[in-house]
Amino acid sequence: MSDQTAETTAGTAPVRTEPRHNAGYAILATLRNYGIDTVFGIPGTHNLEFYRHLDELDIKPVTTRHEQGASYGADGWSLTTGLPGVVITTSGPGLLNSLSGAATAYAESRPMILLSPGRPRGTEFRDIGSLHETKNPTGAVDSIIGLSRRVSSASEAVEMIHNAFVSFKHDRPRPIHIEVPLDVLEETGGFTEEELRARPLGSFQPAQPHDVARAANMLAASKKPVIVAGGGSVAAHEAVLELAELLEAPVITSTNGKGAIPERHRLSLGADLRLGTAHAFCRDADAMLIIGSKIGEAELWGGDIRPNGPIIRVDIERQQMLTNITPDLELPGNSVAVVPQLIAALKAEGVESGTRAAPDLTEVFDQLDDEGRSIAPELAKLNEIIMSVLPENAIVGGDSSQVTYMGTTTFYRAPKPNSLLYMGTYATLGYGLPASIGAKIAAPERPVVCLLGDGALMFAIQEIMTAVEQDLDLPIICVDNGGYGEIRANEEDRSIAPTAVDLRQPDWVRLAEGFGATGFSATMDTLAETVRQALGTKGPSLVHLTIGRDI
């Protein structure tokens with residue numbers, strides 16, 4: 001591998017980076033061997049031995065303007081690539097700043113690896129006033145994610161990475177954090193190149209054949225089956241579509257499962273589990289197959305979807321199959337293996353394509369859309385306008401904004417999985433913009449549009465500069481309802497006068513231009529044409545749309 005080079009800020013002679021095959025190299029080289037070519041973070045005094053090796057290993061660093069943006073950006077990149085997002089932070093505050101994104105990945109069952117330096121060995125927990133001193137960073141992180149560990153050698157860190165990739169494939173994906181003491185991070189040697197190579201990850205776990213046969217018998221006997229697909233189904237999305245067509249079973253998804261089958265398909269009921277129409281439709285079914293979903297209350301909004309017949313659940317984690325809705329039959333295993341098992345077992349039962357009556361879903365399609373429009377008419381309208389001009393293969397970055405969960409989740413017809421960047425369980429503000437940046441970096445050939453509210457955008461406004469620096473063609477559509485619209489509505493519901501929710505707004509167009517982006521103002525009448533202009537604009541652009549408060 002060649003030495004790294006970089007131009008000095010003065011543009012004079014190149015500065016050489018001295019190659020040191022230390023623990024930082026071992027960790028990054030292992031990640032590169034698993035296909036990681038992009039990392040998100042901010043260089044700091046203590047993490048430079050991670051950054052030393054990036055150019056040598058052909059890994060692109062994305063420097064966000066806040067570590068929270070780094071972890072959200074890594075999540076958007078991960079959703080688009082299918083690989084774990086990698087975040088490099090410095091010690092103490094840098095690590096803690098990233099934790100909202102790590103908690104998001106935990107709540108939404110997504111893979112992420114956080115790397116941070118730590119105090120040298122022997123100085124743990126000492127109150128001596130060292131730089132970025134933090135009482136117990138590993139313990140803090142471990143309390144909110146899958147695993148956080150302080151390693152004692154390069155080999156231990158490398159082994160954690162190997163184990164993480166196995167876990168991401170075979171278990172419920174959850175983020176991990178590796179803290180590398182500063183003296184370990186700088187140590188050279190202690191590993192071989194063979195140790196750094198990617199290892200075979202093994203085959204996906206199938207379900208027990210006799211249980212699959214029982215499930216196939218239940219489904220074959222049903223007249224009105226329904227499939228509920230969650231985030232755990234998306235890796236098997238092609239097989240899920242085949243299964244749905246074989247059974248002539250409508251598919252409704254969680255927001256994490258959105259696009260598990262193309263949402264313009266005749267059997268897709270979209271990601272509208274929150275709507276009463278969907279609840280009634282599911283209750284009328286005579287069998288339900290739930291694939292990779294916890295059926296969380298954040299998705300159902302208090303509704304009941306239990307059918308008038310047996311419930312079969314497929315999940316990689318047995319405990320998940322016992323949450324919220326108790327199944328009549330459990331199929332523990334990876335959907336990538338289990339869904340094809342079900343298809344084969346159904347065919348063995350004599351079920352063939354075209355042998356079952358196709359349901360006419362026209363009425364329920366219309367009812368779902370009408371209910372969505374009735375909840376938030378203005379948000380529905382603007383979403384329908386925007387979606388009418390987006391390219392078919394667009395990725396839409398959402399946020400915990402009303403415009404997302406009262407509009408985009410219904411009116412954006414996702415062509416494939418992970419085309420909507422969202423986090424319905426953790427429901428964090430500030431996610432949409434950095435996640436969209438991560439997705440656009442991962443898939444520069446696909447149009448990416450960030451659609452979110454003014455409150456959410458203000459949580460991550462600094463990341464417009466990241467989009468400018470990365471030279472991304474990224475329209476950002478800011479729907480401005482004057483502050484925190486949902487909380488305003490919550491206050492009104494409780495007979496509380498609007499308190500701390502009506503917020504002063506900047507001049508959004510000038511703000512965008514100050515970052516080096518292009519700014520547009522839009523009205524409902526001009527929205528379609530303005531979005532078209534933004535889609536044709538080089539570099540980031542911001543479309544500002546003011547809406548009323550009757551939502």
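Okay, let's start at threonine 466, which sits in helix H20, residues 463-469. Buried or exposed, this threonine 466? Its relative accessibility comes out at 0%, so threonine 466 counts as buried. As for neighbours, leaving aside residues up to four places away in sequence, threonine 466 touches Val62, Thr63, Thr64, Arg65 and Ile437.

Quick word on what you're looking at: this is a predicted model. The mean pLDDT of the chain is 94, and 97% of its residues reach 70 or more. The stretch to watch is residues 1-10, where pLDDT stays under 50. For those residues the model has 25 contacts beyond four places in sequence.

Next, helix packing. Two numbers describe a pair of packed helices, namely the angle between their axes and the distance between those axes. Take H3, residues 67-81, and H5, residues 99-107: their axes are 7 Å apart, and the packing angle is about 30°. The cut-off for roughly parallel is under 35 degrees, and therefore H3 and H5 count as roughly parallel to each other. Which residues meet there? On the H3 side we have Gln68, Ser71, Tyr72 and Asp75, and on the H5 side Ser100, Gly101, Ala102, Thr104 and Ala105.

Let's stay with H5 for a moment. Eight of its nine residues are buried, so H5 is largely enclosed by the rest of the structure. Those buried residues are Leu99, Ser100, Gly101, Ala102, Ala103, Thr104, Ala105 and Ala107. And what do the buried residues of H5 pack against? They pack against H3, helix H4 (93-97), strand S6 (112-118) and helix H6 (137-142). After H5 comes serine 109, and its phi is positive, near 60°.

The axes of H12, residues 276-283, and H15, residues 362-375, come within 8 Å and cross at roughly 150°. That angle makes H12 roughly antiparallel to H15. Gly276, Thr277, Ala278 and Phe281 are the H12 residues here, and they meet Val364, Gln367, Leu368 and Glu371 in H15.

Most residues other than glycine have a negative phi. Glutamate 248 isn't a glycine, yet its phi is positive, about 55°. You'll find glutamate 248 in the loop between helix H11 (237-247) and strand S10 (251-253). With a relative accessible area of 9%, glutamate 248 is buried. Asparagine 418 is another non-glycine residue with a positive phi, near 60° in this case. Asparagine 418 belongs to the loop between helix H17 (402-411) and strand S15 (420-421).

Last topic: rings. How many aromatic pairs does a search of the whole structure find? Five. One of them is phenylalanine 165 with phenylalanine 168, an edge-to-face pair with 6.0 Å centre to centre and 70° between the planes. Both belong to helix H7, residues 154-170, and because they are three residues apart, about one helical turn separates them. Phenylalanine 165 and phenylalanine 168 are both buried.

Lysine 169 lies over the face of phenylalanine 204, 4.5 Å from the ring centre. Arginine 274 lies over the face of tryptophan 301, and there the distance to the ring centre is 5.1 Å.

That's my tour, thanks.

Conventions
Residues numbered from 1 in each chain as written. Predicted model: local features only at pLDDT ≥ 70, side-chain atom pairs only at ≥ 80, totals over all residues. Heavy atoms only, no water. Phe/Tyr/Trp six-rings, centres within 6.5 Å; stacked < 30°, edge-to-face > 60°. Helix = DSSP H or I, 4+ residues; strand = E, 2+ residues; numbered from the N terminus. Buried < 20%, exposed > 50% of the residue type's maximum accessible area, 1.4 Å probe, protein only. Lys NZ or Arg CZ within 6 Å of the ring centre and 35° of its normal. pLDDT = per-residue confidence, 0-100. Contact = heavy atoms within 4.5 Å. Axes fitted to C-alpha atoms, helices over the stretch in contact; angles between N-to-C directions. Parallel < 35°, antiparallel > 145°, perpendicular 65-115°, else oblique.
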